[in-house]
Number of protein chains: 2
Amino acid sequence: MASSEGIARAPVPPVDEAARRAARRRWSTLTKPEGSLGRLEALAEQLAAIRGDARPRFRRKTIVVFVADHGVAREGVSAYPASVTSAMLDNFLAGGAAINVLSNVVGAETVFVDVGIDAEPRTESPRLRVRRVARGTRDFAREPAMTRAEAEQAVSTGAGVAREVIRAGTDLLATGDMGIGNTTAASAMLGALTGRPARDVVGPGTGLDASGVARKAEVIDRALRSRDMDPHDPWSVLSGVGGFEIGAMAGAALAAAHHRVPVVVDGFIATVAALWATRLQPSLREYLIPSHRSAEPGHRLALEQLELVPYLDLGLRLGEGTGAALQLVLCEAATRLLDEMATFEEARVAQRSRPS
Amino acid sequence: MASSEGIARAPVPPVDEAARRAARRRWSTLTKPEGSLGRLEALAEQLAAIRGDARPRFRRKTIVVFVADHGVAREGVSAYPASVTSAMLDNFLAGGAAINVLSNVVGAETVFVDVGIDAEPRTESPRLRVRRVARGTRDFAREPAMTRAEAEQAVSTGAGVAREVIRAGTDLLATGDMGIGNTTAASAMLGALTGRPARDVVGPGTGLDASGVARKAEVIDRALRSRDMDPHDPWSVLSGVGGFEIGAMAGAALAAAHHRVPVVVDGFIATVAALWATRLQPSLREYLIPSHRSAEPGHRLALEQLELVPYLDLGLRLGEGTGAALQLVLCEAATRLLDEMATFEEARVAQRSRPS
């Protein structure tokens with residue numbers, strides 16, 4: 001499990017169905033109409049099953065944002081220049097980005113991981129881990145994005161950072177991403193994993209116009225034909241058209257599951273990373289907490305593949321873990337309701353006047 | 001404005017469109033792709049327009065829960081006995097209800113208002129205001145729910161409590177409700193205000209079975225025929241089939257708007273109260289922040305009438321202001337993002353590489 005690709009091979013432990021049932025039983029004793037907390041009830045039950053605790057509480061919520069560059073950005077597939085990846089890392093460290101504000105709003109910590117940007121490395125700090133696989137991936141329109149060894153390194157890097165924050169007390173993990181070009185990589189991975197053509201998986205990303213989206217689709221279709229990828233060999237997909245931050249998010253999710261820590265999945269890129277990881281370890285799915293439905297069209301397909309239904313639908317399409325950050329509040333709300341509400345007996349409130 | 005029904009007559013001031021435009025301009029300078037925060041952007045703009053401040057911040061969020069009994073509960077229209085209203089008030093004051101937990105999660109204060117329960121009054125405290133109109137409404141299946149004077153008193157009571165919490169510093173208000181039988185009252189009010197029959201506005205409330213819903217629909221249809229109500233005279237509707245807590249929520253919303261304080265509207269009952277209030281003062285709509293889409297079927301119609309689209313869809317059907325409480329986080333997230341994020345210039349991040 002500590003070896004470079006061990007995390008991908010170690011079976012994910014099953015969740016605790018007895019804890020899930022105990023949580024469900026407790027809901028029916030609490031002072032509210034049966035089922036009236038809607039999806040928050042099943043959410044708390046899932047969190048109970050993951051933690052193996054009928055009344056889980058979260059002490060430390062951490063959002064890990066993985067940052068990397070993409071060779072495919074050279075193909076003009078983004079509305080922003082590639083230099084923005086590095087500039088946004090500085091913005092994260094200075095506290096000026098959306099994810100900084102949201103992490104403060106929801107009371108979560110943040111860790112930023114340079115898993116391969118194409119710029120001089122910043123000085124490592126408690127909030128920044130410099131764990132580069134390379135200075136960006138290669139342009140997968142022309143050659144494989146990375147070697148298989150680099151793919152394994154990206155995954156094990158993500159797993160390693162997740163283990164570090166979990167050892168430091170994190171019991172609820174969210175992952176996020178930043179990397180100009182990464183919707184192109186995620187779309188291509190989704191196409192390769194599902195056998196769908198570019199038109200089913202492509203979208204405007206940070207804000208391409210129609211001709212930009214068409215160019216992006218061409219790049220993806222060409223890569224799906226040219227790269228030697230097998231949907232039954234997830235490693236061939238990650239190395240063919242993936243990104244370092246995508247592999248790292250997958251590794252982080254796998255490591256969290258091994259430690260029975262729930263993984264809150266952000267938007268399109270994070271969901272593709274999660275889908276990729278479940279192709280290695282299908283039981284990982286039980287540990288995934290969906291957050292929001294992104295405006296990026298391919299997100300719907302990725303969610304369907306995982307049979308996940310997001311809790312929020314706010315038209316976000318920013319990445320950075322912003323949707324996952326908001327979902328942390330719903331996780332806290334659901335588990336604190338389950339833990340803190342009074343029972344009918346404690347509050348001496350009458351139960352139903354007759355059977356429904 | 002201080003008189004008993006003055007709040008309903010005083011025109012609601014227009015919101016500040018210059019502040020809305022200034023907020024919109026600021027979004028376009030912040031370090032994120034244009035429009036990528038989805039609905040949070042328009043939410044912050046609305047809050048800016050209400051507050052008359054391009055970068056509003058909220059210092060004190062308060063959830064006011066109005067509690068009252070309903071004579072119509074005697075018709076067997078609820079899955080719970082009427083005694084639960086009073087027992088739940090005790091539960092609120094002891095901190096054991098869902099709204100207590102959620103207000104802690106989201107950092108809001110709570111105030112509970114006994115606006116007419118059918119039990120001995122509790123001792124007033126900072127968290128409890130005893131402002132009874134009567135010991136419950138009369139059974140509107142048989143006679144008008146209240147007199148017009150009582151209707152006016154309910155509305156002015158809600159307005160008075162809202163003014164008190166606003167004077168104490170509240171700058172973001174949410175309203176909630178508790179009252180066994182109040183989905184029946186809200187459904188009947190919605191039917192009377194829109195001219196729709198019971199089948200379009202009725203639902204299971206706290207958990208009626210099919211025969212219970214049919215009985216409830218009969219009671220509503222009978223009241224819609226028997227009570228002397230005119231959709232163009234909202235007071236006739238409130239006194240005919242309403243509830244004290246529903247009138248109070250309407251009054252609280254009107255008073256908040258007069259003080260340029262946004263009103264976060266909870267689920268079905270609160271939305272019907274808001275709809276009723278906009279029939280008196282249409283400009284109130286600009287001050288209403290929808291929260292969640294309730295599982296109660298009539299909520300859809302009430303929202304459509306107000307042209308409001310909720311932000312959350314979690315299948316909640318609990319009342320108490322629980323959905324509004326969660327929405328307070330989105331209000332805080334939206335306004336803090338607008339206020340705290342770095343601009344492209346401050347962060348030295350390049351803007352778009354080409355026009356979209």
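Let me begin with chain B, where an open sheet of 6 strands, paired in parallel, runs in the order β3-β2-β1-β4-β5-β6. At its edges stand β3 (128-130) and β6 (288-290) of chain B, each with a single partner strand, so one side of each is left without a neighbour in the sheet. From one strand to the next the twist averages 25 degrees, where axes are lines fitted to C-alpha atoms, for helices over the stretch in contact, and angles run from 0 to 180 degrees between N-to-C directions.

A word on conventions: this is a predicted model, in which local features need pLDDT of at least 70 and side-chain atom pairs count only at pLDDT 80 or more, while totals for chains, interfaces and linings use all residues. Residues are numbered from 1 along each chain as its sequence is written, chains are lettered from A and ligands numbered from 1 in the order in which they are written, and side-chain values use heavy atoms, with hydrogens and water left out. Helices (H or I, at least four residues) and strands (E, at least two) are DSSP runs numbered from the N terminus, and two strands pair if DSSP finds at least two bridges between them.

Within chain B, strand β1 (residues 61-68) runs parallel to strand β4 (residues 172-178), and 7 bridges join them; Val64(B) has Thr175(B) in β4(B) as its bridge partner.

Turning to chain A, strand β1 (residues 61-68) and β4(A) pair in the parallel sense over 7 bridges, with Phe66(A) opposite Asp177(A). β4(A) also pairs in the parallel sense with strand β5 (residues 263-265) of chain A, over 3 bridges, and here Thr175(A) has Val265(A) as its bridge partner.

How many of the 7 residues of strand β4 of chain A are buried? The count is 7 of the 7, so the strand is largely enclosed by the rest of the structure; buried means under 20% relative accessible area, exposed over 50%, and partly exposed in between, with a 1.4 Å probe and protein chains only. Both faces are covered, with Leu172(A), Ala174(A), Gly176(A) and Met178(A) buried on one side and Leu173(A), Thr175(A) and Asp177(A) buried on the other.

Finally, backbone angles. Most residues other than glycine have a negative phi. In chain B, however, phi is near 55 degrees at Glu307(B) and near 70 degrees at Glu320(B). Glu307(B) lies in the loop between α13 (298-306) and α14 (322-340) of chain B, and Glu320(B) is likewise found in the loop between α13 and α14. Glu307(B) is exposed, with a relative accessible area of 63%, whereas Glu320(B) is buried, at 2%.
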